[in-house]
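User: I'd like to learn how to read the features of a protein model, one at a time. Could you walk me through this one?

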Amino acid sequence: MDELLCEEILQEILRRLPPVAAADISLVSKRWCSLLRSSTTSLKLNIPFPYTSSIVASLSDLLRQHHLLSTLTFVGGGGCGADSLLLAVSDSCPQLRRLIFSGCTVSISSLYTLASYCVHLSSIDIHVSRPLCFHWLPLFKSLKQLSISFVNSLANTDSPSPFNSAAVEGEIKDLEMLSLNRILSGDYDVGFLWRNCKNIKKLKLASCESLGDYSSFLGFLRSCGGLQELELRSCRTIVDVVLLTLAGNSISVNSLSIHDGCSKESLLQFINQNPNGLKNINLRLPLDLENSHLIALSEHPSTTLTTLRIESSCLPIGEGLKALTAANSEFIEELALVNCKAVEREPGLLTTLGQNLRRLRKLDLCYNEDIQDKELSSMLASCTSLIELKLSGCRRLTDWCLNAVVRSCKNLENVSMKLCYGIGTSGVEYLMTNLRRLKTVEVEAEKVPATVKTRFMNVVVQ
């Protein structure tokens with residue numbers, strides 16, 4: 001039977017199988033193992049430190065057997081010597097499009113080599129050490145997404161930047177997404193990125209205490225007319241500067257995400273002065289988010305929210321949520337209220353939100369521990385278009401609420417209900433039996449009997 005299938009047909013079959021099946025397929029025969037590797041387009045490797053010459057040689061041999069490899073992820077054990085791994089990639093993966101190199105620091109010289117051999121790379125995620133230098137960046141001609149984490153402190157930097165970045169400056173035209181992690185107050189060389197990346201559509205800053213060179217950053221914002229998404233995570237020392245700079249220069253973004261730190265005044269000023277209004281907002285501000293912010297969003301004439309995500313809000317924001325969802329009832333398709341006190345403490349809030357959001361497609365109410373069956377059921381009665389529902393961590397929900405889920409949300413494809421201690425085996429089975437379009441269920445394994453898994457093999461249980 002093995003010999004009856006030509007290689008092209010067998011490769012196409014293998015390409016369509018889920019990644020979890022790879023281990024079993026490789027044991028069928030040497031031919032199948034070889035064809036599996038030659039048809040694999042994505043690979044994730046965990047390589048422990050130290051990276052000896054034998055390990056590097058084995059890695060090179062393995063990568064050469066994956067002729068169609070386009071995405072490669074390394075999860076390393078840290079330490080030095082990671083350049084040898086990157087050089088093996090450069091030598092063995094000429095068709096690579098995406099590289100994620102986490103846990104290991106790479107050198108400037110190895111990036112130079114990577115740019116020479118992997119000319120199709122469009123996405124890179126790497127860790128680099130100080131002193132900073134970005135002269136290698138213009139060499140990646142196809143690069144569209146760049147994520148860099150700076151790993152050592154300025155105190156551990158005992159030498160100046162090895163290259164003069166100014167000598168190789170030039171506009172990096174195709175780069176659309178830039179993510180930077182751990183910019184410190186003395187990282188003035190980051191100004192190279194602000195001066196030369198003029199077509200960024202998405203900017204992500206994480207754990208940053210500085211912008212490096214503020215004047216260059218201001219020039220970046222003023223000249224980067226296509227900026228659409230801004231994400232700031234754990235950047236309390238710079239978030240107000242960024243928001244006030246955007247507001248003061250009438251610079252608009254469509255999507256704003258802020259986690260862990262923001263003053264009430266700067267957020268309100270940004271909302272009021274954002275020229276084109278917001279389409280997506282994601283806020284994790286336990287003590288800083290107030291009703292005034294949400295009401296200001298609702299009153300902004302250009303706001304047409306499609307996604308609203310609020311996490312870990314300790315303040316009562318029910319009034320603002322009602323106003324915002326009512327004003328954007330024709331637009332909002334995704335709502336997430338994760339661990340929000342207003343959801344648990346204000347009776348009837350979920351019912352009102354459901355009546356305002358009849359076009360809702362995705363709903364996330366995770367970790368609102370005191371939500372009860374009746375509250376959820378009343379909301380779902382109006383949200384009949386849902387395709388995704390997340391309830392993990394809602395400890396007081398029981399099997400009873402799943403009757404409402406099945407009755408109101410017949411188009412559900414994805415359901416998450418881990419740590420819902422009142423939901424048991426019979427409830428999970430009832431859900432899987434009656435939702436015909438269900439694709440994935442995220443729940444504890446012991447709540448899904450083997451007989452149920454056998455009957456619903458088309459549903460992925462996670």
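User: Let's begin with Trp 136 and Phe 140: are they buried or exposed?

Analyst: Buried means under 20% relative accessible area, exposed over 50%, and partly exposed in between, with a 1.4 Å probe and protein chains only. Here, both Trp 136 and Phe 140 are buried. A word on the source: this is a predicted model, in which local features need pLDDT of at least 70 and side-chain atom pairs count only at pLDDT 80 or more, while totals for chains, interfaces and linings use all residues. Residues are numbered from 1 along each chain as its sequence is written, and side-chain values use heavy atoms, with hydrogens and water left out.

User: How do I read aromatic pairs, and how many does the structure hold?

Analyst: A pair of aromatic rings is described by the distance of the centres and the angle of the planes. Rings of Phe, Tyr and Trp (its six-membered ring) pair if their centres lie within 6.5 Å; planes under 30 degrees apart count as stacked, over 60 as edge-to-face and the rest as tilted. The structure holds seven aromatic pairs. In one of them, Phe 74 and Phe 101 have ring centres 4.9 Å apart and planes at 65 degrees, so the pair is edge-to-face. Phe 74 sits in strand E2 (residues 71-76) and Phe 101 in strand E3 (residues 98-106), so the pair ties together parts 27 residues apart in sequence. Helices (H or I, at least four residues) and strands (E, at least two) are DSSP runs, numbered from the N terminus. Phe 74 counts as buried at 2% relative accessibility, and Phe 101 is buried at 0%. For Trp 136 and Phe 140, the ring centres are 6.0 Å apart and the planes at 90 degrees, so that pair is edge-to-face.

User: Which residues do ring pairs link into a cluster?

Analyst: That cluster is made of Phe 134, Phe 150 and Phe 192.

User: Now salt bridges, please. How many does a search of the whole structure find?

Analyst: A salt bridge is a side-chain nitrogen of Lys or Arg within 4 Å of a carboxyl oxygen of Asp or Glu. The search finds 18 of them. Take Arg 64 and Asp 91, whose closest N and O atoms are 2.7 Å apart. Arg 64 lies in helix H4 (residues 53-64) and Asp 91 in helix H5 (residues 82-92), so the bridge ties together parts that are 27 residues apart in sequence. Arg 64 is partly exposed at 43% relative accessibility, and Asp 91 is partly exposed at 48%.

User: What about Asp 364 and Arg 309: how far apart are the closest N and O atoms of their salt bridge?

Analyst: Those atoms are 3.7 Å apart. Asp 364 belongs to strand E13 (residues 362-364) and Arg 309 to strand E11, so this pair ties together parts 55 residues apart in sequence. Asp 364 and Arg 309 are buried. A network of salt bridges links Arg 309, Glu 311, Glu 334 and Asp 364.

User: Last one: where does Tyr 421 lie, and why does it count as exposed?

Analyst: Tyr 421 is in the loop between strand E15 (414-416) and helix H17 (425-434). Tyr 421 counts as exposed because its relative accessibility is 53%.
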